Amino acid sequence: MKLIERSTYLSEMMELADTPDIKVITGVRRSGKSKLMEALARKILEQQPNANIIHINYNLTDYENIAEYHTLEAYVEERYEADRQNYLLIDEVQMCQSFEKAINSLHARERYSIFVTGSNAFLQSSDLATLFVGRTYEIPVYPFSFSEYLLYYPSQNVYGSLTSYITDGGMAGSYLYKTEEQKRRYINSEVLNALVVRDIVAKYRLKNERLLHALIDYLADNVGNLTSLRTIASTLEANGMKADHKTIGKYIDSLCKAFAFYRIRRYDIRGKKYLKSEDKYYLVDQSFRFARLGTKNMDYGHVLENIVAMELLRRGYEVYVGVLYKKEIDFVAIKQGAKLYIQVANDISEERTFEREVTPLLAIKDAYPKMLIARTYQPEYQHEGIRIIDAADWLRTSIPKSERS
């Protein structure tokens with residue numbers, strides 16, 4: 001398999017390498033967490049040739065004899081070297097029984113810089129403080145961004161590459177398959193079904209697997225649409241599946257905790273408050289949508305919106321749906337108090353569509369930057385203070401100065 005250097009993640013991990021925190025790498029299945037751990041080991045040795053790296057990968061049978069926390073701790077302690085910098089890297093840590101006891105004990109010894117990855121059913125953001133007594137630092141990992149896709153598939157035509165990325169997505173494991181059918185089968189079996197059956201159902205002991213699959217299909221088909229639990233319940237009932245809104249809420253929450261979907265709340269721009277009613281849900285990777293629903297009835301606008309939402313999260317923003325005088329702004333992106341207002345559209349070549357997209361932005365009277373991201377196929381330009389930028393150009397660049405906090 002072709003490998004690219006995921007420099008943004010590696011840089012962050014190296015910056016954290018000598019901190020006392022337990023570094024926890026989280027993310028959806030098959031997003032490249034284990035490959036990042038391997039790359040981290042290589043990078044550490046490049047910069048510190050004398051470092052002592054204890055790397056345990058529970059995917060390998062080599063380590064099946066240390067699958068209990070006492071034996072894990074003993075194994076690590078036997079390999080500690082007092083005259084060297086010691087790094088402990090553990091992949092799929094949940095395969096060790098009561099792993100948190102060993103990690104907490106090793107952390108308390110203050111001898112190791114610890115990095116762990118694991119199944120998203122066992123290492124969720126909400127569980128970290130409970131699992132680990134010491135301080136933790138979460139490093140969220142996402143599927144390939146468009147800029148990483150371009151590293152994997154170099155091209156002079158970035159606009160055409162974005163068309164491919166829209167359907168290929170960022171799950172790099174699927175790139176090994178030649179046909180669309182093979183790629184979809186990989187996404188469904190190796191990622192989604194494994195996520196549902198092995199992770200979510202096992203973790204939460206959910207009784208209705210059919211309902212979970214139905215919710216995946218519903219949310220995938222409605223990315224970018226405001227969604228309420230009661231609306232979902234009514235839709236499912238119309239299709240012969242009964243479930244109350246509380247059960248639906250519980251099942252959707254499990255999908256979000258497993259990093260399959262991201263819930264985006266609404267933000268009242270004028271009142272500067274968060275709204276509690278309908279939310280939007282975005283897929284961690286747009287390839288999930290095509291794997292489940294195919295490419296019929298393509299909605300490029302909402303798929304592009306999904307891609308922008310995930311890119312904003314990659315860039316470290318808090319992301320909300322903006323509401324102003326009953327008009328909607330696709331995203332209010334906030335970082336360290338600074339805001340960025342964004343509209344997303346696939347095609348703004350018609351004047352009516354262009355006006356529809358910029359009107360909500362023009363109604364915002366504060367001085368924070370405003371941007372319309374669309375497939376313009378031309379250089380960036382300005383319209384009454386609004387940046388109009390091609391989606392491929394925005395997605396492929398590092399974070400511009402105008403977006404930095």
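**Strand E9 and the overall architecture of the chain**

Gly-322 has Ile-329 of strand E9 as its bridge partner. The model is a predicted one, in which local features require pLDDT of at least 70 and side-chain atom pairs count only at pLDDT 80 or more, whereas totals for chains, interfaces and linings use all residues. Residues are numbered from 1 along each chain as its sequence is written, and side-chain values use heavy atoms, with hydrogens and water left out.

Strand E9 spans residues 327-335 and pairs with two other strands, pairing being assigned if DSSP finds at least two bridges between them. Strand E8 (residues 318-324) is antiparallel to E9 and is joined to it by six bridges. The two form a hairpin with two residues between them, and Tyr-325 in the turn adopts a positive phi of about 50°. Strand E10 (residues 338-345) is likewise antiparallel to E9, through five bridges, with Phe-331 opposite Ile-342 of E10. E9 and E10 also form a hairpin with two residues between them, where Gln-336 in the turn has a positive phi of about 50°. Seven of the nine residues of E9 are buried, so the strand is mostly covered; buried denotes under 20% relative accessible area, exposed over 50%, and partly exposed in between (1.4 Å probe, protein chains only).

At the level of the whole chain, the secondary structure comprises 15 helices and 13 strands, defined as DSSP runs (H or I, at least four residues; E, at least two) numbered from the N terminus. The radius of gyration, taken over C-alpha atoms, is 22 Å, close to the 22 Å that the globule rule gives for 405 residues, so the chain is as compact as a globular protein of that length. That rule is 2.2 Å times the number of residues to the power 0.38. Along the principal axes, the C-alpha atoms fill a box of roughly 70 × 50 × 50 Å. Of the 405 residues, 55% count as buried. Among contacts (heavy atoms within 4.5 Å) with a separation of 6 or more, 67% involve residues 24 or more positions apart.

Ser-287 lies in helix H12 (residues 287-293) and is buried, with a relative accessible area of 5%. Apart from neighbours within four places in sequence, Ser-287 is in contact with Thr-167, Asp-168, Gly-169, Met-171 and Ile-187. The C-alpha atom of Ser-287 is separated by 20 Å from that of Pro-154, a residue 133 positions away along the chain.
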